[in-house]
Amino acid sequence: MNPLALSALLLTLTGWVLTALTGMHLLSGYLEDRTCQTDCVQMLFYSAVAVGVGALVLSSISLSRPQGRILSVTSLLMALALCAIFATLFIVGNFV
């Protein structure tokens with residue numbers, strides 16, 4: 001088994017959890033009633049971005065190894081989808 005692919009898969013899953021937590025806190029009601037204010041949401045979002053980019057890098061490196069190819073491709077696809085969400089949020093937030 002390829003340890004890089006496994007690490008990338010775990011990082012990708014962590015990024016998805018952080019992204020879900022960010023969305024949950026953003027949609028949890030009025031700003032005054034939230035338990036997680038603006039700084040907390042920003043920390044969750046940027047942590048998810050950093051973990052997602054790290055997973056993308058690790059999964060692309062793990063593709064060069066012959067063992068664990070299916071796990072490498074799976075982690076790469078999941079990391080690409082996660083980074084596509086972040087890129088979309090960045091483009092919509094800054095240019096639209």
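Helices (H or I, at least four residues) and strands (E, at least two) are DSSP runs, numbered from the N terminus. With that in mind, colour the cartoon by secondary structure: the protein chain reads α-α-α along the sequence, with three helices and zero strands. This is a predicted model, where local features need pLDDT of at least 70, side-chain atom pairs count only at pLDDT 80 or more, and totals for chains, interfaces and linings use all residues. Residues are numbered from 1 along each chain as its sequence is written, and side-chain values use heavy atoms, with hydrogens and water left out. Zoom out, and the C-alpha trace spans about 50 × 30 × 15 Å along its principal axes.

Next, select Leu 4, which lies in helix H1. Setting aside neighbours within four places in sequence, Leu 4 is in contact (heavy atoms within 4.5 Å) with Leu 58, Ile 61, Ser 62 and Arg 65.

Stay on helix H1 and pick Thr 19. Beyond neighbours within four places in sequence, Thr 19 is in contact with Ala 48, Leu 82 and Phe 86. Draw a C-alpha to C-alpha distance from Thr 19 to Phe 86: 9.2 Å in space, for residues 67 apart in sequence.

Which residues line the largest pocket? Select Thr 19, Thr 22, Gly 23, Leu 26, Val 41, Phe 45, Ile 85, Phe 86 and Leu 89. The elements that give two or more residues to this lining are helix H1 (3-26), helix H2 (38-62) and H3; H1 gives the most, with four residues. A pocket here is an open set of points on a 1 Å grid over the protein atoms alone, where a 1.4 Å probe fits, with protein on both sides within 12 Å along at least five of seven lines; lining residues have an atom within 4 Å of a point. About 170 Å³ of space lies in the largest pocket, the volume being the space filled by probe spheres set on the points.

Last, select Phe 90, found in helix H3 (residues 69-95).
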